[in-house]
Amino acid sequence: MSYRKVNYEEVDQVSSAMHVLSDPLETEQVGVTVARCDPDWKSKPHDHTDNDHEEVYVLIEGEATVVVDDDPVAMEAGDALWIPPESTRQIRNGDTESAFVLVSAPSLRDDDGDGNGDSDGDGNGSGNGDWLLSGFAG
């Protein structure tokens, strides 16, 4: 079989909100978590300096605030927020339920260390280690 499928509702919750899907999906390079946040729920403040993982938080339902390095970022359904590994982050849910998809992966850094993935300098992201978008044409 060339794929793996799991329903997040069948995965045990951690921190009373998080369904971590990486283990049941047996991912190797990307972490995926679904967070169903009850009213007034807060995650623990944390960063990913130790594993050098950048994250993207996508709010798919409700409203919430994500605090990044003491800066509150108001989010509503459809918003996506990128967070670098060294930044402290915390979800603070409001008075209604919300739902996030959290995606994490090791940072892609080029030889210049600027993280833009354009290590050959041509501006089109074609250097070594870049994400290829050719399979995502609409």
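Why does S43 count as buried? S43 has 9% relative accessibility and therefore falls in the buried class, which is defined as under 20% relative accessible area, with exposed meaning over 50% and partly exposed the range in between, for a 1.4 Å probe and protein chains only. The model is a predicted one, in which local features need pLDDT of at least 70 and side-chain atom pairs count only at pLDDT 80 or more, whereas totals for chains, interfaces and linings use all residues. Residues are numbered from 1 along each chain as its sequence is written, and side-chain values use heavy atoms, with hydrogens and water left out.

**View 1. The overall chain, with its helix and strands.** The secondary structure comprises 1 helix and 9 strands, these being DSSP runs numbered from the N terminus (helices H or I with at least four residues, strands E with at least two). Along the sequence the elements follow the pattern β-β-α-β-β-β-β-β-β-β. Of the 138 residues in the protein, 33% are buried. Among contacts with a separation of 6 or more, 57% are between residues 24 or more positions apart, where contact means heavy atoms within 4.5 Å.

View 2. Six strands form an open sheet in the order 1-2-3-9-4-7, with antiparallel pairing; two strands count as paired if DSSP finds at least two bridges between them. Strand 1 (13-14) and strand 7 (80-83) are the edge strands, each pairing on one side only. Strand 2 and strand 3 run antiparallel and are joined by 3 bridges, and V20 stands opposite T33 in strand 3.

View 3. A pocket is an open set of points on a 1 Å grid over the protein atoms alone, where a 1.4 Å probe fits and protein lies on both sides within 12 Å along at least five of seven lines, and lining residues have an atom within 4 Å of a point. The lining of the largest pocket consists of 22 residues, with M18, T33, H46, H48 and E55 nearest the centre of the pocket. Strand 2 (18-20), strand 3 (31-37), strand 4 (53-61) and strand 9 (98-106) are the elements that each give two or more residues to this lining.

**View 4. S43 in its loop.** S43 belongs to the loop between strand 3 and strand 4. A polar atom of the S43 side chain lies 2.8 Å from the backbone nitrogen of I91. Apart from neighbours within four places in sequence, S43 is in contact with M18, Q90 and I91.

View 5. Not counting residues up to four places away in sequence, R36 touches several residues, including Y8, H19, E61 and S98. S98 lies in strand 9 and counts as buried because its relative accessibility is 0%. The side chain of S98 makes a polar contact of 2.8 Å with the side chain of N93.

Note on methods
Polar contact = N/O pair within 3.5 Å; in protein donor to acceptor, adjacent residues only side chain to side chain.
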